Structure formats: structure tokens, C-alpha cells
Amino acid sequence: MVCHYFEICANLFVGLHQTSERTLDAPDLVDDYYLNLLDWGSANVLAIALGSTVYLWDATNGSTSELVTVEDEDGPVTSVSWAPDGRHIAVGLNNSEVQLWDTTSNRQVCIYIIFGL
Amino acid sequence: MQLRTLRGGHRQRVGSLAWNNHVLTTGGMDGRIINNDVRIRSHIVETYSGHEQEVCGLKWSASGSQLASGGNDNLLYIWDRATASSNSTTQWLHRLEDHTSAVKALAWCPFQGNLLATGGGSGDRCIKFWNTHTGACLNSIDTGSQVCSLLWNKNERELLSSHGFTQNQLTLWKYPSMVKMAELTGHTSRVLFMAQVIDSFLHFVEHKSD
């Protein structure tokens, strides 16, 4: 089984430290150089598209929530982008459509993404 | 809460997105770039035609006046918002052919309005700097690896590049001398994405293990 995960390293411009602060498991990341599957919003929330699901990770409190899982025939998700307000997000799909979401009413439903030191 | 679905613009997957106030710009595998006004029912307000393959990089300048797009056709386009038209496809301001591989990494300089940094794919490996007003290439540096993303430091005249094949490195460059200030190697897979958050800087490394 192929496992993907992300390191989050802080203060790189300050000292380019090699210590990774957190590791994020992301088992279903579509490995495609041409897609844009991560975006950091002005409200300090990271959006990550994994397969047909978009997850939101709130960096201020570390909470993770699921924004949407699209239908199999519409997915996978091929791009995510936060609006400048940090509240609205656009989700591009493999089926050529783009969904717009308001994330303020987003309910924390499940945590698939696990952080460890 | 889902607000709406934008459809009818693209014929293939939408791999790149960029916001300019209430306009969401979408880039597709069909090579099309479309400005969508998300406030109105007929959301397609402008179309930019030029790319012949998938649009993989899309960034608006900070002022919102210029759009940079990069494609798998190795082309970089600069589009002027002021000349965009709703009733015909818009002519580009500059069509730049210098990269020899896909152009995904795009970064507008935060301290110089017409300065754009771009990075090429594994067949190109170069970071190039452009005056987007004139279309002149100001500098080109061979990094030795696929360029995945570029990020200007908001506080210092520095540029950070993240890479894939072959070295998977992160490199911090002084601008404009392009002296390497630091390099971080040892990643086992390419560094796909970076973000600068307040004073700290974050990067994400995609790893693969069997």
C-alpha cells in the first residue's frame, strides 16, 4: 500500500529549520503534478483534497473537518482555492464543474487526518 | 453549506483556480481559462484562449490587474484584466515560450508590481523572472530539479522554491542576486505546496512509502 503524508515545517524563512512540527497522514492524495490540491486560506485554515473529499484543517486549534465528499462519477477533486475572505472556497472537479462552498456552517463530522509529532 | 455549482464552462477537469475579488478564474484540462462572476446567474464573464493543453498554474497579481497562467504546453501567458471582453475571447498581453516543460509554479513579487517568478517542470528545471509589463525575461536559474512551487518572503527580498524530481529540495534564494541562502534536502518525495503564515512559514512534503 502506498502511503502519503505531509510534513508541516515552521519558520523556514527564519532559519530553514529541518525539524518538522507535525506530520499529516493523507492516504488518498492524488499524485498529479498538474493539480492544485492544497490551499491555505486567510482564516488560517488549510484545505486539502484527497480523492473525492475535501478536508479542512484549522491551524489555530488543530481541528479537522470534512467539507464535502463528491459523487464518485463527479470526482476526484482536482483543485481547491480559498476566496480572499477565508470563508468561501471553490472546489474544482474532474467532471469539469466547480462547486462553491461557505465553510462557516461546516460541521465537524469526522477526523481522517491524523497529526503526530 | 454549498452555495452553487458552476457548470458549462469547461469540458474537462478543472485543475487550477484563482480568485480576484468576486471573480473566480478557472483553468481546465481543455486549455480554457474562464472568469466567473460568482454573484451572478450567468457566471461566465470572460474567456481567455491560448493554452493548447492543461492549465496547471493560475495566479492574479496583487492589484488584480494581471493574470499569469502556466500550462502543460510549456507556455506562460500574461493576461490584462482591463482588456478582457465578455463577447469575444481575450487576446493575451504576453505569450512567453522560454520554459521547456510544464509551467506550474507562479509567484507574483510582493514588493515589485510587475515582477513574476515562474518555475518549469522536470524537463526544464528553471526559475525565471519576468517583467510582465514588457514581457522581458530578467533572469533564469537552472535549479537542477522540477519546480513544484515558488513563494516570495513577504518580509525580506527572498524567494523559496520547492522541488520534485530529482532532488526534492527546498531552496531559499536571495533576490535579485539568486545566491543560495539555504537548502534543505533529504525529502523522499517532492515538495508540492508551500504557504507563508504570519511570521512562520509552512511547507508540505508529499511522501510515499511502499
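Mentor: Let us begin with strand pairing: strands (E, at least two residues) and helices (H or I, at least four) are DSSP runs numbered from the N terminus, and two strands pair if DSSP finds at least two bridges between them. In this predicted model, S10(B) pairs in the antiparallel sense with strand S11 (residues 115-120) of chain B, over five bridges.

Trainee: Which residue is the bridge partner of B:Ala105 in S11(B)?

Mentor: The partner of B:Ala105 there is B:Gly119. Residues are numbered from 1 along each chain as its sequence is written, while chains are lettered from A and ligands numbered from 1 in the order in which they are written. Because the model is predicted, local features need pLDDT of at least 70 and side-chain atom pairs count only at pLDDT 80 or more, whereas totals for chains, interfaces and linings use all residues.

Trainee: What is the strand order of the open sheet in chain B?

Mentor: The order is S10-S11-S12-S13, four strands with antiparallel pairing. Strand S10 (103-108) and strand S13 (136-142) of chain B each have a single partner strand, so one side of each is left without a neighbour in the sheet. From one strand to the next, the twist averages 20 degrees, where axes are lines fitted to C-alpha atoms (for helices over the stretch in contact) and angles run from 0 to 180 degrees between N-to-C directions.

Trainee: Which strands make up the open sheet that includes S1(B)?

Mentor: That open sheet has the order S7(A)-S8(A)-S9(A)-S1(B), again with antiparallel pairing. Its edge strands, each pairing on one side only, are strand S7 (77-82) of chain A and strand S1 (2-6) of chain B. Strand S9 (residues 98-102) of chain A pairs with S1(B) over four bridges, and A:Val98 stands opposite B:Leu6.

Trainee: How many helices and strands does chain A have?

Mentor: Chain A has one helix and 10 strands, and along the sequence they follow the pattern β-α-β-β-β-β-β-β-β-β-β. A residue is buried if 20 or more other C-beta atoms, placed from the backbone, lie within 10 Å of its own, exposed if 12 or fewer do, and partly exposed in between; 44% of the 117 residues of chain A count as buried.

Trainee: What is the mean pLDDT of chain B?

Mentor: pLDDT is the predictor's confidence in each residue, from 0 to 100, and the mean for chain B is 90, with 90% of its residues reaching 70 or more. Where pLDDT is low, the predicted coordinates should not be read in detail.
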